Amino acid sequence: MNDVAIIGVGLHPFGRFGDKSAFEMGADAVELALTDAGLPWSDVQCAFGGAWEVAQTDPLTSLLGLSGIPFTNVFNACATAASSIAQAANAIRSGAFETAVAVGMDKHPRGSFKVDPTLMNMPTWYAENGQYVTTKFFGMKINKYMHDHGISSETLAKVAAKNYRNGSRNPNAFRRKPISEEEILASPMLNHPLTAYMFCAPDEGAAALVMCRADIAHRYTDTPIYVRAAEVRTRNYGAYEVNTSWAAIDEDVSPTVYASRAAYEKAGIGPEDVDVIQLQDTDAGAEVIHMAENGFCADGEQEKLVADGATEIGGPLPVNTDGGLIANGEPIGASGLRQIHELVLQLRGQAGERQVEGTPRVGYAQVYGAPGTAAATILSR
Amino acid sequence: MQKPIGDVFTWPDDDPKLIGSRCGDCAAATFPVQSRCPRCSGKNMAELLLPKRGTLVTWTTQGFPPMVPFAGDATGKSFEPFGVGLVQLEDVVKVEARLTESDPAKLRFGMDVELRIVPFYVDEQGDEIMTFAFAPEEST
């Protein structure tokens, strides 16, 4: 099995971009990643692309060069980009290819995501009844978590405020204005206990990575970042996840926990070794829960950790240093690639105003989406 | 005329119940009915009428109108926030459902709730569509 290195990253800003198409944004992101790697498109041997709002991503080749390579479309809802990365890494790991691109892009209409429950094997009545709403699942999960583990609404507001503040230091972010905890708590209640400013919003953007076999990475860069693990998991029997009308009496942990454990095991790295963290913050509560589900603290410790500033850029557990989904929004196909883009900048020491001090060595990224699909990715210098 | 929102509860019935299914091999239960077992992968599922009473495992409120095909007022003009909960029905299965109560001050973790069949909306033919929801037992 070959080791895999990231040699280039590229990101089209996240936000709203008028008539610019998802494909144009995707092509920009790939071009930036290729320039960063010093690798021409003609040397890319395979590609994996993810998006929701386009039928396929491989029409990108008409903008990048019709080079005839295998270009595989990947879709795993909010775990799409992480799944593209896992596929690209495996393509190199297996020895089948020396170089690969992972790209994601999306251009979502405003508001919550479009819903046709039958496309997710759910009955029509589930949506007619008003239950086919991802945000209400997140409300139910954090509501119980707060009750069971003593987390306050103020902590949720602190998490959201931190992510807006980090976004204000990120020129590529959608939301670049700090928002106070008071304003966050006072914004409309969408799904108790989650208010409007505690949620991310669908938007537009693209991101891409160039990877190669680790033994040839030094041809392209002095600072290869190694993919130590990229694990994707779905629900186990007993988990209660997004978009489901029932759950088993016997409870099991979420797919994030399984993906996380598998990633640590593959990487031979533990949560105590991680220097910079990206977590799926669909809402502020999700970030709080995911801190524990990914092994960074015990359930309930978040209340004190967040109050002490542990998850700030200057803290011992910096989480979502680029503002996360809350400040960047979520173009589904690109979101997990944005996480990796930020980790690579941090591990290279190129994150500018957001740079975590002490030259971080290990980065960790997690995504979670419907109907209970999660991925964990571990990088190191 | 009153009509059920879907084929998910016994109707018309003086004592309506949710219709789930149970695996004849491993006893896993689901709601609604499905043809294959989510635990043991078998195809030996049979219909099961679910208990009407349960406890509230967790809950939230739906404070904004869901997108179409939501059958209530998706424009928001007459939208009323509603409660949603996960209800454990004895030791059979947990069901995600609307709650008749949407005031956070009146919802408690672990509270006893009971199935209700309630009017939801009037369709284009003038029929009243009935849906299922769980009500706090105190409010009966």
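Predicted model: local features only at pLDDT ≥ 70, side-chain atom pairs only at ≥ 80, totals over all residues.
Residues are numbered from 1 along each chain as its sequence is written, while chains are lettered from A and ligands numbered from 1 in the order in which they are written.

**Strands of chain B**

- Helices (H or I, at least four residues) and strands (E, at least two) are DSSP runs, numbered from the N terminus.
- In strand β2 (residues 19–23) of chain B, 4 of the 5 residues are buried, so the strand is largely enclosed by the rest of the structure. Buried here means that 20 or more other C-beta atoms lie within 10 Å of the residue's own; 12 or fewer make it exposed, values in between partly exposed, and C-beta atoms are placed from the backbone.
- β2(B) pairs with strand β4 (residues 45–49) of chain B in the antiparallel sense over 5 bridges, and I19(B) stands opposite L49(B). Two strands count as paired if DSSP finds at least two bridges between them.
- β2(B) is also joined by 2 bridges to strand β3 (residues 29–30) of chain B, again antiparallel. These two strands form a hairpin with 5 residues between them, and A27(B) in the turn has a positive phi of about 75°.

**Chain A as a whole**

- Chain A has 12 helices and 12 strands, and 61% of its 381 residues count as buried.
- Its C-alpha trace spans about 55 × 50 × 40 Å along the principal axes.
- A compact globule of 381 residues would have a radius of gyration near 21 Å, and the 19 Å of chain A agrees. That radius is taken over C-alpha atoms, and the globule rule is 2.2 Å times the number of residues to the power 0.38.

**Helix α1 and the core**

- The largest nonpolar core has 166 residues, and those touching the most other members include A29(A), I85(A) and A208(A). Such a core is a set of buried Ala, Val, Leu, Ile, Met, Phe, Trp, Tyr and Cys residues joined through C-beta atoms within 7 Å.
- Helix α1 (residues 22–37) of chain A gives the largest share of this core, 9 residues.
- 12 of the 16 residues of α1(A) are buried, and these pack against β1 (4–15), α2 (61–64), β4 (99–107) and β7 (204–213) of chain A.
- Just after α1(A), G38(A) takes a positive phi of about 70°.
- A208(A) touches A29(A), V30(A) and A33(A), among others. Residues are in contact if their C-beta atoms, placed from the backbone, lie within 7 Å.

**E204(A)**

- E204(A) lies in strand β7 of chain A and counts as buried, with 25 C-beta neighbours inside 10 Å.
- The residues that E204(A) touches include F14(A), M25(A) and P331(A).
- I332(A) is 128 residues from E204(A) along the chain, yet their C-alpha atoms are separated by 8.7 Å.

**Where the chains meet**

- 32 residues of chain A are in contact with 35 residues of chain B. On the chain A side, α5(A) gives the most, with 6 residues.
- β9(A) and strand β7 (residues 93–99) of chain B pair in the antiparallel sense over 2 bridges, and V95(B) is the bridge partner of W246(A).

Key:
Contact = placed C-beta atoms within 7 Å. Lists of a residue's contacts leave out its neighbours within four places in sequence.
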